[in-house]
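Subject: Structure for you to look at

Hi,

Here is the structure I promised to pass on. Please open it alongside this email, and my notes follow below.

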Amino acid sequence: MPNIHRQEKLGELMTADLSELIRTRLKDPRVGFASITRVEVSGDLRHAKVLVSVMGTPEEQKETMKGLKNASGFLRHELASRLTLRYMPDLSFKLDTSIEEGARILGLINQVEQEDRERARAAEEANIAEQANTKEVE
């Protein structure tokens, strides 16, 4: 039976260590501005899915993911020297687009709010004009 707390704790440790390793030790020019957002460890602690957020164009994101996949053996070896585990999980890197999706949704919300303010302002101006016309008639 998997220990969920241990999986989460190991994921947090791997997130911090992988972030530091990518920032300081990884010299692959393909790896651009990449952030480890989360590491999900399987119940048997043999596999880890590393979610990576990459800033840049889709082409830069693709190249960064290729660079990380090629460096997975190096990163796994470096993690093994930092963490005391019987088995070091295999690393698989996945592109995390949740930050981009959140920014897109926030932009849509801001756009709707702006349109609502413009409609309210137009309705207010129409109401004022209608009241002025009513007073002139009287």
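Start with the helices. Helix H1 covers residues 4–24 and helix H3 covers residues 72–82. The two pack at an angle of about 125°, and their axes are 10 Å apart. H1 and H3 are therefore oblique to each other. The crossing of H1 past H3 is right-handed. Bear in mind that this is a predicted model.

Which residues meet there? From H1 come Met 14, Asp 17, Leu 18, Glu 20, Leu 21 and Ile 22. From H3 come Leu 75, Glu 78, Leu 79 and Arg 82. By type, the residues of this contact divide into 6 nonpolar and 4 charged, with no polar ones.

Now the sheet. It is open and has 3 strands, in the order S1-S2-S3, with mixed pairing. S1 and strand S3 (90–95) stand at the edges. Each has a single partner strand, so one side of each is left without a neighbour in the sheet. On average, neighbouring strands are turned by 30° against each other, direction ignored.

Next, the S1 and S2 pair. Strand S1 spans residues 34–41 and strand S2 spans residues 47–54. They run antiparallel, joined by 7 bridges. Together they form a hairpin, with 5 residues between the strands. In the turn, Leu 45 has a positive phi of about 60°. Val 41 stands opposite Ala 48 in S2. Ser 35 has Ser 53 in S2 as its bridge partner.

How do the helices relate to the sheet? I can answer for H1: it lies across S1, S2 and S3. H1 runs at about 155° to S1.

Is Ser 53 buried or exposed? Its relative accessibility is 8%, and the cut-off for buried is under 20%. Ser 53 therefore counts as buried. What does Ser 53 touch, leaving out residues up to four places away in sequence? The list is Phe 33, Ala 34, Ser 35, Thr 37, Asp 96 and Ile 99. Ser 35, the bridge partner of Ser 53, is on that list too.

Best wishes

Terms used:
Residues numbered from 1 in each chain as written. Predicted model: local features only at pLDDT ≥ 70, side-chain atom pairs only at ≥ 80, totals over all residues. Heavy atoms only, no water. Axes fitted to C-alpha atoms, helices over the stretch in contact; angles between N-to-C directions. Helix = DSSP H or I, 4+ residues; strand = E, 2+ residues; numbered from the N terminus. Parallel < 35°, antiparallel > 145°, perpendicular 65-115°, else oblique. Left-handed = near helix turned anticlockwise from the far one by under 90°. Contact = heavy atoms within 4.5 Å. Nonpolar A, V, L, I, M, F, W, Y, C, P; charged D, E, K, R; others polar. Pairing = 2+ DSSP bridges. Buried < 20%, exposed > 50% of the residue type's maximum accessible area, 1.4 Å probe, protein only.
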